[in-house]
Amino acid sequence: MFLAEQHELLLQIIEHPDDDQLRLVLADRLNEQSDPLGELITVQCALERMVQGRAQGDWRALKAREAALVRRHGSVWHQSAAPFARGLTMKRGLPHTLRCSADALLVDGGLTVLAPIEQLNLEHVDYPQLRELVRLPLLQRVRALSLPDLGGPLLLGRLELPRNIVRLSIDGAALQPCASLGLLEHVSELELRTTWLMDVALRLLELGAAPRLERLAFAHLHRRDTQRDPEWRAPLERLCAARPGLAVEWRGIEYHAGNIGQLTQVLEPDRLDEAPLLAASHLNREPFGDVVEAEPFDRALPSRVEFVRLEGGALMAKAWPDRSLGPLQQPLQLDALTHLMLPPDPHLLEARAFDAGEKGVEPMRLRYESWPSRSLFELQLPVSPEVALALVQGIARGLVPLRAGLLRQGLLGWPGVLTLDEVRVGHDGAVKLMAPFRNCTLPDERREQYLDWLRPLGHPLDPDLEGTDDGALTLLGDALLHLLAGVPVSRRLRPSAIAAEHRALDPLAHGCLSSKRAERLPGIDSFFEVLNRSGPVASQLEVASAMRERQSSST
């Protein structure tokens, strides 16, 4: 049994899951016994207080220690707390989220789970199993229940969930059966996983199904479609009009009756052009000429592309051709075509010339402007608030023309992630973005592996937000927190939790990362306005000086 010697105290924690003091008493007892779980409780409670804005601390050190403890002892805690479960997530030092199949939970009875589980993710659930499941002790305690693949023969009659379950996540197709059964009676937050419009099901919510509903979220929409997505707006406008207090979360952004009409503004426009299939060298802005390689440099990219610096500071990407592909289908040739077609902009690293090389003898090479620079990865983070604001301002100024340039070529879905390698800081203190290498990276079906290779600035976006204004704002908020903390941090964290003197940056970060940013920060223009009110922004000379110091420190 999990923490059998602390049975009574554990029961108190289960009864009062929000009381950190009880958890810290448990941590003291465990520390006296040299039980590493005591340290995890202390570390994770400190992290949660930082997220809630109730404390400051060294996020980087705490997260590193948390990762080390979970890596070393996580499997032991998992087996002790819920050996039948497929997944177990610890929060504030104790089991918080449990993932298992319905059959496994019914066989175990949930009796072995003596822990403050707050969220239960149940897989492979049939409607007939619900009558048994709702009687289990575990379901009398959890607050959130996820039934992602609920199906099977429908039940007759009514079946209410325990009143303690106020958050429910189901597949969109299950909304109508769940409403008919009465499973939504006590639910205040409902998440629907769906990719298509359910007008009939939404009318049930208009007519009063889920009478206590305060928040409706849509998940797993993924594919943006400017033809189909606007079809959702009218039904959701009717729903918000019928239930004025309802908040609707669409693609990560929260709307209400007053601004639901903005719902489809997060979409990219339709494709404008098809990129011509021609040799990238036809777009060269200058002769390729002779090059002298000064030094290779490391860039995390899941491909065979190599990057080098040339004498004079220019960057060059090179790759050997794939013999199974024709000259115009080579990944680097396709990316070079994209980069050379981008209109010149002072905030983008400009591609100057492409050389296809002699097949089998020389690699293909893509050369950029002569501009000595370093990537954020090569510089030591964190940075001061003034420098962080200057860097984020430069990133934002590059995001706008880069998105526009890619859209003109019919390339949708960018940005999905920003990386430390793509943000270049010049010796002059200017900031430029390097265009993405979309063809040289792994294909979409290996997205998770692809992301593991990268060095993200912040976190990758949820696919629902890729290529949208809201996604761009999210990445800018992520970047600000990363620059201040030195590592990617929780999107719930405020700058003031990293250091009290960062408090003036809280509105900017919160405006970028809050689900309510449709009201607080509706676009990039608003971002610049809030940034300029957030405090002094380092000059280009000050950025150059700070970067020189960090470059010498990192080397």
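Leaving aside neighbours within four places in sequence, which residues is Asn 121 in contact with? The views below start there. This is a predicted model, where local features need pLDDT of at least 70 and side-chain atom pairs count only at pLDDT 80 or more, while totals for chains, interfaces and linings use all residues. Numbering runs from 1 along each chain as its sequence is written, and side-chain values use heavy atoms, with hydrogens and water left out.

**View 1. Asn 121 and its contacts.** Asn 121 sits in strand S3 (residues 119-123); strands here are DSSP E runs of at least two residues, and helices are H or I runs of at least four, numbered from the N terminus. Its contacts (heavy atoms within 4.5 Å) are Thr 97, Leu 98, Arg 99, Cys 100 and Ser 146. Asn 121 counts as buried because its relative accessibility is 18%, given that buried means under 20% relative accessible area, exposed over 50% and partly exposed in between (1.4 Å probe, protein chains only).

View 2. Asp 20, Leu 22, Arg 23, Leu 26, Ala 27 and Leu 30 are buried in H2. They cover an arc of only 155° around the axis, so they end up on the same side of H2; the arc is taken over directions from the helix axis to the C-beta atoms. Gln 21 and Glu 32 are exposed, on the face turned away from the buried side. The cover over H2's buried residues includes helix H1 (7-15), helix H3 (36-51), strand S1 (87-91) and strand S2 (94-101).

**View 3. Just past H2.** Ser 34 takes a positive phi of about 60°.
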